[in-house]
Amino acid sequence: MKPEPARVVVVGGGPAGLSAALNAALSGASVLLIDSSSRLGGQYWRHLPETWLEQSELHLDLDTGLLLISAVANHPKIEIWSGAEIWSATHEDGAATLRLITNGVEKIITTKALVLATGAYDRTLPFPGWDIPGVMTPGGAQSLIKGNGIAVGKRVVVAGSGPFLLPVAAGLAQVGCEVIELLEANSPLRWLKSLPTLIQNLSKIGEAAHYIAIFNRFGVRPKFNRAVVAAHANQDGELESVSIAKIDSNFKIKKIERVKCDVAAIGWGFTADTSLAGALLLKQLVTKDEGVAVLVDENQESSIAGIFAAGEITGIGGSELSIAEGVIAGLAAAKYIGCKAEISNNHHKTRAKKQKFAKALISSYPVKSGWQSWLTDETIICRCEEVKYSKLKFAVTELGATDSRTAKLLSRCGMGMCQGRICGRFVVDLVANESGISPSDISEKERISVGNRPIITPISIELLANGE
Amino acid sequence: MQVLTLLVKPSASITFTFNDLEVSAIPGQSVGAALLAAGDRVLRVTRFEKKPRAMFCGIGVCFDCLVVIDGAPNQRACITEVKAKMVVRTQVGGA
């Protein structure tokens, strides 16, 4: 392999990746930006080419996205590979090697400076009927609006926990869906604890007020301490109704009612996509929401010199924090390959402020272990392999599994196409509970190992066989 | 199932087939979104229990929306951009 020219490679075209690519280029570095989507913007600024203008009122922050995307796309020092899937990543002798497929062709690149900005996806919890067509994630429902220009259904229930439910419910109402329920599992009192931090972020209060005005206009009445605990199918096997429960502060069911709907969009915050970081053996840590994040220093550099991380993979914190981190990561990566780049106090201050806000938010929306009581023996745990709860429990109680890796081998939970991206995180909790281990005693190693996948994205056998 | 409202007036429209029936789409849409807009939500039937599945994560993570496109199985309908004259079929089973 011939040596690559000195350049910064950025993975991910969302807020963090775009900011990193632009700032590295502005510092004089040549940049290669690799994105899995066909259009830049990530999940946050997902768009159809022709809907930019029509969407402006559905998206509070589209202007920033449009500016960043066009600045990156038009910068002479930035090369962009869209629709590229990285399936393998290694690090050796001070350089990272990425193998990827773009337009059906395999490419291999090496780089001394790498910025990972691979983002996050909706955190999900299983419940009876969550595999029925019509049950989906809030992110999925939103991507249909933003990226495809369609409303997901007619009568929609939005549920789960976290601030992301607000823009999703507002967006659905604005495009003509009847949002019949907007359910937050936690109590509004949790907000009070973080009030001082929230007040320091006035733009966020304005954002909340904007959504509340939309809810008033469309007659959406948010309810608290409620969750969708079961979904029911019609004779065609599609969603017909959901069971909505009033729940206590530990998420245990108090009282249930049935509501008819054709879509239920349910999410519990986000899970960072750490597959690439795991493959590169970057040090990771467990966050306050029991998620996993890449460990970085004050300049977004990971445990391996020359590999930087920014955005949701360093801890869920939203687009503004992602941008602040992306800027620093881009500058630091440029500096690493010898460009003149200055990371100032202001950069660090901006990031610290956004970090504080993100922390306050996460503690306002915990996921409590009572959700496990919603499951029945028949509930699907692993959607890919159709593994039922009874089979996972059998792996622990009868076959002796005490960690999620063994339980996975004995039950096939997490062995399907998604490689545990959906069930891995909550299988850890279910296995621990069945083994009598309290949630706070689950080891960091156990939680982190869930995201480790030798092959990052499923590829065909032929491609593997033809590889070097 | 009813046809869903389109949020944008497309300047162009293309057609493809799903299980031999013609479906129209806006350029730039995903296969899954175009099918949902046309009233086809179920994309796959599971391997063991033969249960219907549809788009779940919507962003290429969960692999629940697998379809057969132009003879190639295991294509994620939610992130595969629709192209004119594509031949799309329901997939039975996973990988």
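So, the nonpolar surface patch: Leu189(A), Leu192(A), Leu195(A), Ile199(A), Leu202(A) and Ile205(A) make one of about 600 Å². A patch here takes residues with over 30% relative accessible area and no salt bridge, and nonpolar side chains (Val, Leu, Ile, Met, Phe, Trp, Tyr) are joined within 5 Å. The areas are Shrake-Rupley with a 1.4 Å probe, and for residues only the protein chains shown count as cover. The elements that give two or more residues to the patch are α5 (189–193), α6 (195–199) and α7 (202–218) of chain A, with Ile199(A) sitting in α6. Helices are DSSP runs of H or I, at least four residues, and strands are runs of E, at least two, numbered from the N terminus.

Quick housekeeping. This is a predicted model, where local features need pLDDT of at least 70 and side-chain atom pairs pLDDT 80 or more, while totals for chains, interfaces and linings use all residues. Residues are numbered from 1 along each chain as written, chains are lettered from A and ligands numbered from 1 in the order written, and side-chain values use heavy atoms, without hydrogens or water.

Now, the interface. On chain B, 43 residues are in contact with 51 residues of chain A, contact being heavy atoms within 4.5 Å. Together the two chains bury about 3,700 Å², 55% of it on carbon and sulfur atoms; that's accessible area (1.4 Å probe) lost on being put together, summed over both.

What about salt bridges? Chain B and chain A have seven between them, meaning a Lys or Arg side-chain nitrogen within 4 Å of an Asp or Glu carboxyl oxygen. One of them pairs Lys388(A) with Glu49(B), closest N and O atoms 3.0 Å apart.

Over all chains the count is 21 salt bridges. Take Glu290(A) with Arg123(A), at 3.6 Å between the closest N and O atoms. Glu290(A) is in the β18–β19 loop and Arg123(A) in the β8–β9 loop of chain A, so this pair ties together parts 167 residues apart in sequence.

Terms used
Patches are made of residues with over 30% relative accessible area and no salt bridge: like charges are joined within 9 Å, nonpolar side chains (Val, Leu, Ile, Met, Phe, Trp, Tyr) within 5 Å.
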